[in-house]
Structure formats: structure tokens, C-alpha cells
Amino acid sequence: MNLKTKLLIFFGWWSCTMAFGQLSTYEYKQELKGISEQWHTMTLSNQVFHNTNDNLSDIRVYGLTESDTLEAPYILKVASEKKQ
């Protein structure tokens, strides 16, 4: 094997390792229970919001199966604070 082939194999292996280890790097996880329909409403606890960015850009919803991990789309509706 020449150097180019060895480097290609190494970087291929490294890329696969990084791709499969991605979900374990999150600092906060919460399991969503009672999912039975494709579309539904859920209320997130205050603890979720204490662990997110101010713009909520780091919230992710994943579906896990035996053979695949899918990121699920969602719409986030945030109640506005009443000002008097």
C-alpha cells in the first residue's frame, strides 16, 4: 500500500468515527415520551430553556431507530412575555 492509499483509509475511518459519535457530544438531553402521532404539540420544561442559547438555535429533535438516526423538523412557538 502506498502512502496515498493509507491516508485515504485513515481519513475515511476518521470521518466515519466522527459521524457516528455525534449525538453523544450534547451536554443536555431530554427524552420525549408519548410520541404516537406524526404531528402533535408538546410543552417543554423550563429546564430545557436554561440549557439553550438565547436564540434557541441549538434545540434538536432526533428520532432513533435500530438502524438510523433522523433529525425531525419542528416549529417552536414561544409564548411572549406580557408587558404592562
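Modeller: The side chains of Glu71 and Arg60 form a salt bridge, with 3.7 Å from N to O. This pair links distant parts of the chain, its two residues lying 11 residues apart. Glu71 belongs to strand E2, residues 69-71. Arg60 sits in the loop between helix H2 (46-50) and strand E1 (62-64). Keep in mind that the model is predicted.

Why does the pair count? The cut-off is 4 Å between a side-chain nitrogen of Lys or Arg and a carboxyl oxygen of Asp or Glu. The Arg60 to Glu71 distance is 3.7 Å, N to O, so the pair falls within 4 Å and qualifies. In general, side chains of opposite charge can pair when their charged atoms come close. The count for the structure comes to one salt bridge.

Now the setting. The protein chain has two helices and two strands. Along the sequence they follow the pattern α-α-β-β. The chain has 84 residues, of which 5% count as buried. It exposes about 8600 Å², with carbon and sulfur atoms supplying 55% of that area. Among contacts with a separation of 6 or more, 19% come from residues 24 or more positions apart.

Definitions and conventions. Residues are numbered from 1 along each chain as its sequence is written. This is a predicted model: local features need pLDDT of at least 70, side-chain atom pairs count only at pLDDT 80 or more; totals for chains, interfaces and linings use all residues. Side-chain values use heavy atoms; hydrogens and water are left out. Helices (H or I, at least four residues) and strands (E, at least two) are DSSP runs, numbered from the N terminus. Buried means under 20% relative accessible area, exposed over 50%, partly exposed in between (1.4 Å probe, protein chains only). Contact means heavy atoms within 4.5 Å. Accessible areas come from the Shrake-Rupley method with a 1.4 Å probe; for residues, only the protein chains shown count as cover.
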